[in-house]
Amino acid sequence: MEAAYFVTFGQYLRPHFYFLLLIFLQNGPPTVEGVWPLPQTFTSSIERYPLSPEAFYFEYGSQSTAQQGCSVLDGAFMRYFPLLFPDYTGNGVLRFYGGKPFHLVVTVDHDDCESYPNEDSSERYNLSVSARQASLNAETVWGALRGLETFSQLVYQDDFGSYFVNKTDIADFPRFQFRGILLDTSRHYLPVQTILQTLDAMAYSKFNVFHWHIVDDPSFPYQSRTYPDLSSKGAFHPMTHIYTQSDVRRVISHARLWGIRVLPEFDSPGHTNSWGKGQSDLLTPCYKGSSLSGTFGPVNPILPSTYQFMATLFKEVSLVFPDSHIHLGGDEVNFSCWSSNPDVRAFMKKMGFGVDFTKLEAFYMENIVNITSALNKTAIVWQDVFDYHERIPKDTVLHIWKGNPASYRAELSRMTKAGMKVLLAAPWYINHISYGQDWREYYNVQPLDFPGTEEQKKLVIGGEVCMWGEYVDATNLTPRLWPRASAAAERLWSDEKQTSSVDKAFPRFLDFRCKLVRRGIRAEPLYVGHCKHEYQGRALSS
């Protein structure tokens with residue numbers, strides 16, 4: 001049993017209190033429930049070690065390629081200290097255990113401290129916790145970040161507020177390389193601080209891609225250097241409801257420090273009403289009979305000026321967003337306006353498209369993908385682009401967003417049989433809400449449960465939780481997103497056989513939800529009950 005010593009401003013604790021303390025230590029305090037998402041291999045014992053914020057040290061291993069001055073890990077050490085010791089303020093009551101220091105020694109193989117995470121970044125790590133030391137070894141700083149999150153979840157407090165960690169050995173890596181969250185900032189503007197807090201919560205669940213659906217029909221909040229009228233005329237408000245270049249850099253920088261990629265989406269040719277307010281002649285004029293109706297439809301695919309505009313805009317976007325991928329949309333194109341326009345119909349006849357408007361959309365999307373390919377960006381597109389038999393590069397990633405399980409399984413089979421990489425989002429549209437524990441449905445999704453070979457299943461690179469913004473803004477985003485999104489996080493990270501039981505996961509999920517709440521994340525309850533530390537209205541890592 002540990003020898004515990006307390007000091008409170010030079011006053012000794014009263015003897016009868018110390019006697020109760022001894023009884024409590026003999027019976028043993030409750031231990032941590034576990035880690036979310038569940039590591040690939042995880043062994044833990046009842047042997048526990050005391051931790052003191054006064055004698056806890058992050059260190060770089062002597063063999064680590066990253067050392068002090070590594071922006072990613074130096075920043076992570078600063079962020080994780082208050083997450084490990086949430087009650088510690090540096091003054092008042094000091095708790096320590098025989099003056100024994102505890103060292104968390106971090107060793108990484110590759111010095112990618114100043115780079116950005118990418119689709120090939122390793123997130124593998126090994127964590128071993130023993131007396132007075134924990135060793136965290138990873139191939140990259142991104143894996144080290146995941147290991148730090150795991151260690152932070154292993155630390156727990158007894159009823160007297162003292163910190164402990166149990167003897168543990170973990171070897172861990174993600175099942176899928178792409179684990180994303182989509183936020184929609186067009187239907188409702190989300191303040192930058194709200195996005196940053198979402199990135200924090202994403203890291204707690206080991207999500208690694210922020211899919212920023214930044215513009216759409218309702219508003220164009222992205223402030224373009226090249227085309228400033230797009231936001232000045234297309235945003236809800238040209239000053240208060242925009243993302244400046246500085247805002248975007250801040251989001252990308254914050255995400256990088258958590259090991260999160262930022263994937264921008266500029267969806268076209270549909271979902272572009274707001275674009276037309278700041279760029280004349282971009283959208284297709286609609287007709288009613290032989291006369292202009294005064295309304296506009298999707299992007300006009302027949303004008304050379306359209307592609308000149310898109311090439312210039314995407315050149316800027318490719319310089320602003322460092323990720324190797326860009327989402328080009330391509331979904332839900334309404335063909336009625338195109339079919340009403342005599343110039344469009346004449347163009348289709350000239351091109352031999354007849355009256356098949358899917359061929360016109362294919363013509364447009366192929367041109368846009370070629371533009372981004374020339375900028376060394378790999379395109380991600382919604383499934384409609386594949387469904388319309390469009391000729392796109394083999395490295396294009398297809399994004400499944402619609403259908404029931406039978407439908408998206410068939411789509412997974414078709415797409416991978418064609419040799420295409422695929423992302424699954426259809427079962428994780430969590431902007432749809434219902435009474436009860438709908439997280440169980442998200443947890444039970446089996447992304448690889450479709451007819452196909454092992455080679456086909458390797459083409460499913462991951463999945464994404466989507467939070468569309470028709471009824472979501474900064475007032476309700478966080479409780480609607482968390483912890484429900486975390487159910488998908490475990491499905492995308494952990495071994496499916498080890499996490500096949502929703503009922504077995506439930507106590508661990510309850511514990512994780514309370515961890516989120518204590519960290520200042522307004523995660524909604526899973527069911528009747530309580531957290532030892534209820535929400536206090538502040539984020540610990542901010």
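Select helix H4 (residues 192–204) together with helix H6 (residues 245–257): their crossing is right-handed, the term used when the near helix is turned clockwise from the far one by less than a right angle, anticlockwise being left-handed. Helices (H or I, at least four residues) and strands (E, at least two) are DSSP runs numbered from the N terminus. This is a predicted model, in which local features need pLDDT of at least 70 and side-chain atom pairs count only at pLDDT 80 or more, while totals for chains, interfaces and linings use all residues. Residues are numbered from 1 along each chain as its sequence is written, and side-chain values use heavy atoms, with hydrogens and water left out.

The axes of H4 and H6 lie 10 Å apart and meet at an angle of about 10°; axes are lines fitted to C-alpha atoms, for helices over the stretch in contact, and angles run from 0 to 180 degrees between N-to-C directions. Now display the side chains in contact, meaning heavy atoms within 4.5 Å. From H4 these are Val192, Gln193, Ile195, Leu196, Leu199 and Asp200, and from H6 Asp247, Arg250, Val251, His254 and Ala255. Six of the contact residues are nonpolar, two polar and three charged. Here Ala, Val, Leu, Ile, Met, Phe, Trp, Tyr, Cys and Pro count as nonpolar, Asp, Glu, Lys and Arg as charged, and the others, Gly among them, as polar.

Next, select helix H8 (residues 304–320) and helix H11 (residues 357–374), which pack at about 35° with axes 10 Å apart. Their crossing is also right-handed. Thr306, Tyr307, Met310, Ala311 and Phe314 of H8 meet Phe363, Tyr364, Asn367, Ile368, Ile371 and Thr372 of H11. This contact has eight nonpolar residues, three polar and no charged.

Four cavities of 30 Å³ or more are present. On a 1 Å grid over the protein atoms alone, a cavity is a set of points where a 1.4 Å probe fits but cannot get out; a pocket is an open set with protein on both sides within 12 Å along at least five of seven lines; and lining residues have an atom within 4 Å of a point. Select Tyr116, Pro117, Ile252, Ile260, Arg261, Val262, Pro322 and Asp323 to outline the largest cavity. It holds about 60 Å³, and its lining comprises six nonpolar, no polar and two charged residues.

For the second largest pocket, of about 300 Å³, select Glu119, Asp120, His325, Lys421 and Ile461, the closest to its centre of 15 lining residues. Strand E16 (378–382) and strand E19 (460–467) each give two or more residues to this lining, which divides into six nonpolar, three polar and six charged.

Finish with the backbone. A cis peptide bond, with omega about 10°, joins Ser268 and Pro269; Pro269 sits in the loop between strand E12 (261–265) and helix H7 (273–278). Another joins Trp482 and Pro483, with omega about 5°, and Pro483 lies in the loop between helix H16 (477–481) and helix H17 (484–493).

Terms used: Grid points are joined across faces, edges and corners, and a volume is the space filled by probe spheres set on the points.
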